[in-house]
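Look first at what lines each one.

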Amino acid sequence: MRRGILVAIPVLGLAIMLQSSIIGRITLLNGSADLVLLVLAAWGLQERVKSAWICGFAAGLVVGFVSGVPWYIYLVGYLVLVGMSRILAHRVWQAPLLAMFTVTLIGTLVLLMLTYFERSLFEVSLAFNLSFVQIILPSILLNMLLAIPVHALIRDLANRLYPAEMVR
Amino acid sequence: MKISFPRSLQTVIIALVAIGLVALALGGYFNPATSWFSRLAVEAQTWISTRYLAVADFLTVPRDVASLRQRNNELEAEVAQLQTQVIDLQQKVTETNILSALVDFARANPAYSYKAAAVIGRDPSPFLRYVIINIGSNQGVLPGMPVVTDKGLVGRVDAVIAEAARVQLVTDAASAVDVRLQSSDTEAMLFGSVTGDLSLDMISQNAKVTVGDVVLTSGLGGSYPPNLLVGQVVSVRKLAYELFQQAAIQPNVDFTRLGFVLVITNFAPVDITPLIATPGP
C-alpha cells in the first residue's frame, strides 16, 4: 500500500498540474475534461490497488485548495467517485472499460452538479439549462473521450506496481 | 644452306630499318595503323578503368554509406536543435512583444504601480473563470488588487499564497463591476456569465446607448480604479416595460489567450459593506 501511495501521489500531482495548465484550456463549448477525476476513477477500479481512498482524499483537498470552488465540493465529489469505483471494481471486473465509463459518467455528473448547486445557492444564480448544455454535457463528453487512454495508462501502472501472481 | 651475316652488318641493317620506320611514321605513313592501335588501347584502358572503378566502388561504398548516415544523423540532430532554438526564440519574441505592450501601458498610466505576472493555470472547475498567476504575497500581491493587460481590465485577485495568486476574471458568473459608458457618461453594472459572455445591466432607460460605445470602469464601489478599458457595446436591449436597459459587451481582452498580466499593487480596494444599509429589526 505504501508503494502505491508513493507512486499515486506524484501521478496525481502531475495530473493536477496538467489539468490546470493544459487540459483546462481545451474546452468544448464551455466544458472541459477533469484529468484528476479520470485518474482517480481508473486508479480506484484497479482491484489490487489499496490506496484509492487516500488518493481521493488528498486529491480532493489539493484541487479544492487550487480551485475557487469551496474545498469540500471537490473532496466530497472525489470521495463519491472513489467509492463508486471501489464498488464497481469488485462487481464489473470482467468489463473494466464499462466500469470506467460508468464511474466517469456518474462521477462527472455528481461533481458538476455539486458545483452548480453550491454556486447557485451561495454565490450567483445560474440558469440550469444553460449550465447543463454549455458545461455539464460537454464536460461529460470530454471525460468519456479521455477515459479510455487514462484507464489504459493507469492499468499499466497498476500492473507494474502490483504484478498478478503466477498461476501454476 | 644458311646465309650468315657478320654481327656488325646485322646491327647496321636493324638500325636502318628502325630509322626507316621512324621516318615513315614521321612522314604519316603509319597513321591508320597507329590510330587503330591507339583506339584499341584507349578502349582497353577505358574498359579496365571502368571495371576498376566499379570494383573500387563496390568495395568502398559501404564505408561511405555508414559515414554518410552518421553525418546525416549529426545534421538531423543539429537541425532539430536549431528548430528548438527557433521555436524558443519565437516564443521569446512573442513574450517580449506582450511585455513591451504591458510596459507601454504602464508608462501611459503612471498613476499606478504594477507587477507583471505570467498566467500559469486555470481553475480546474469549468463553472469558474479564474486564472492562476505566478506572483503572490511575497511580491506584494494582496486580495482585491485589480489585474489588467495593455488591452484593458482582466479581473481582480481573489486569493493569494506566497508565490502565486488566483484571479477572478470579469467574465466569471459571480463577477460584478461598476462601469460607465464613455460617450453618454452613463453608469451601469457589468456582469459575467456561465458562458463567459459579458453583459451590462442597470442602464437607465433614459440613457442613449449605441453599438460601439466604449465601456470603462467607473470606480464606484471601490473595487476597481476608474477609467480602465473594459470593452465595447455590441448590442442593446431596450424594452419599454423593463426598469433598465441591457447591453451585450465585447471585451477588449482575449480571455482565452491570457499569457501575461499586470497587477495594480498600489490600489487598495475599499470595503463598502459597512456602509450598506441593512434592514432594521
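The model is predicted. The lining of the largest cavity draws on both chains: Ser32(A), Asp34(A), Tyr74(A), Thr108(A), Leu111(A), Leu112(A), Ser139(A) and Asn143(A), along with Pro124(B), Ser125(B) and Pro126(B). In chain A, α5 (96-122) and α6 (128-161) are the elements that give two or more residues to this lining.

**Cavity count**
- The count comes to two cavities of 30 Å³ or more.
- Rolling a probe the size of a water molecule over the atoms shows where empty space is left.

**The largest cavity**
- Its volume is about 50 Å³.
- The largest share of its lining, three residues, comes from α5(A).
- Five lining residues are nonpolar, five are polar and one is charged.
- Asp34(A) is in this lining, and Asp counts as charged.

**The second largest cavity**
- The second largest cavity holds about 30 Å³ of space.
- Its lining consists of Ala8(A), Val11(A), Leu12(A), Val39(A), Leu40(A), Trp43(A), Cys55(A), Ile154(A) and Leu157(A).
- Three elements of chain A give two or more residues to this lining: α1 (2-21), α2 (35-45) and α6.
- By class, this lining has nine nonpolar residues, with no polar and no charged ones.

**Side by side**

Technical notes
Residues are numbered from 1 along each chain as its sequence is written. Chains are lettered from A and ligands numbered from 1 in the order in which they are written. This is a predicted model: local features need pLDDT of at least 70, side-chain atom pairs count only at pLDDT 80 or more; totals for chains, interfaces and linings use all residues. Side-chain values use heavy atoms; hydrogens and water are left out. On a 1 Å grid over the protein atoms alone, a cavity is a set of points where a 1.4 Å probe fits but cannot get out, and a pocket is an open set with protein on both sides within 12 Å along at least five of seven lines; lining residues have an atom within 4 Å of a point. Grid points are joined across faces, edges and corners, and a volume is the space filled by probe spheres set on the points. Helices (H or I, at least four residues) and strands (E, at least two) are DSSP runs, numbered from the N terminus.
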